[in-house]
Amino acid sequence: MLKMKYLSLFLLIAMALTIGTAAIAQDGGEDAPTIPPLFDGERAYTHLESVMQFGPHPTGSEEIVLVGDLIIEHLEATGWEVITQEFVHDAVGVPFPVRNIIAKRGEGPITMLASHYDSRLWADNDPDPHKRQNLIPGANDGGSSTSVLMEYADMLNQYYDFNEQVWLVFFDAEDNGRIPGWDWIIGSRYMAENLDELGVTPEDFRLMILFDMVGEMDADDFEAPGIPATAGQQEFPIESYSLQSAPEHVEAIWLAAYQLGYGDIFPYRERGSITDDHLGFIEQGIPAVDIIDLNYPYWHTVDDTIDKVSPLSLERVGQVVEMYLLQLNVIQQVETEE
Ligand SMILES: [Zn+2]
């Protein structure tokens, strides 16, 4: 399959008019981007590298405290108001501290962009039975989506004004389902059921967009015979709870992907439902869309390492949602001089 990697100028202008952005300026600079999408996959990848420097970071570990502190530091440095929501999960008598991280900008209805940032306790999908109780590194599962949100913090701060509220939410304790004393989506479900602690109600939310395993290196990005042996297929078929909960948003996001030339990455077909961090919010009546690539050969193995993730893959996903936020008029481009 061939991907259209560059939009024609005509299409760019047409899309810019359609989404009603502010005046588009060409500033004579060499590489200064002025036309959306502005999401930068290389910059997202550097955030992934800084997250992964701590190694595996399951809920309750010293490492996840360091990862969380790094995320908070970055959010504050890029102008976001940060709050945390903390509680204790009791896993068969052992208390584990859980910390959700929430960053806010703007006023009005809330569009939440979200990811989990914990890594799974067990590599129970590993082909080697001796490794199945090892920790997973979580480069794509947890890391990729975290790095996408960290680049949103940068990019939105740098290039956009907020017409409504945007929250960037990093969930703890997502990924320990099917492990004694644990469950999936503990952190996000706690947040969904305790919105009052954050001073909001479900009605305050316009939409949630969840990212999960969004960075898988794609073989189509390479010319044969230079395809890395670890490259797979980045692909986001439609998750069924998302389609039931937010059909118009799903349609528009997958259309935005098609318009950007990523139709093969975002195929318009349903793949079944997945228990993921959007579920607790859907239960509260909040429309939610999960962008997830569950067809990842290193899922829940010790080989979910950073060499399986690529900047281009992160960039495609980031750009699609950036264009959709523009289309919704949640954000607008800061007008550039000259
Ligand atoms: Zn997982």
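My helices (H or I, at least four residues) and strands (E, at least two) are DSSP runs, numbered from the N terminus.

**Ground rules.** I am working on a predicted model, where local features need pLDDT of at least 70, side-chain atom pairs count only at pLDDT 80 or more, and totals for chains, interfaces and linings use all residues. Residues are numbered from 1 along each chain as its sequence is written.

**Helix H2.** I looked up its length: H2 (residues 41–52) has 12 residues and reaches 16 Å from first C-alpha to last. That is close to the 16 Å expected at 1.5 Å a residue, with the expected span taken as 1.5 Å times one less than the number of residues.

Next I asked which residues of H2 are buried. I call a residue buried if 20 or more other C-beta atoms lie within 10 Å of its own, exposed if 12 or fewer, and partly exposed in between. The list for H2 is Gly41, Ala44, Tyr45, His47, Leu48, Val51 and Met52. They cover an arc of only 155 degrees around the axis, so they lie on the same side of H2; the arc is that of the directions from the helix axis to the C-beta atoms. I then found these buried residues packing against helix H3 (62–77), helix H4 (139–159) and helix H9 (311–327).

**The sheet.** I traced six strands in an open sheet with mixed pairing, ordered S1-S2-S5-S3-S6-S9. I count two strands as paired if DSSP finds at least two bridges between them. S1 (81–91) and S9 (288–292) stand at the edges with a single partner strand each, so one side of each has no neighbour in the sheet.

I followed S5 (residues 165–171) to both of its partners. S2 (residues 94–105) pairs with S5 in the antiparallel sense over five bridges, and Arg105 has Val166 as its bridge partner in S5. S3 runs parallel to S5, joined by seven bridges, with Leu113 bridged to Leu168. Six of the seven residues of S5 are buried, so this strand is largely enclosed by the rest of the structure.

I also checked S3 (residues 110–116) against S6 (residues 205–212): they run parallel, joined by five bridges, and Met112 partners Met208.

**The core.** A nonpolar core here is a set of buried Ala, Val, Leu, Ile, Met, Phe, Trp, Tyr and Cys residues joined through C-beta atoms within 7 Å. The largest has 84 residues, and those with the most contacts inside it include Leu113, Leu168 and Met208. Leaving out residues up to four places away in sequence, I saw Leu168 touching Leu113 and Trp80, among others.

Note on methods
Two residues are in contact if their C-beta atoms, placed from the backbone, lie within 7 Å.
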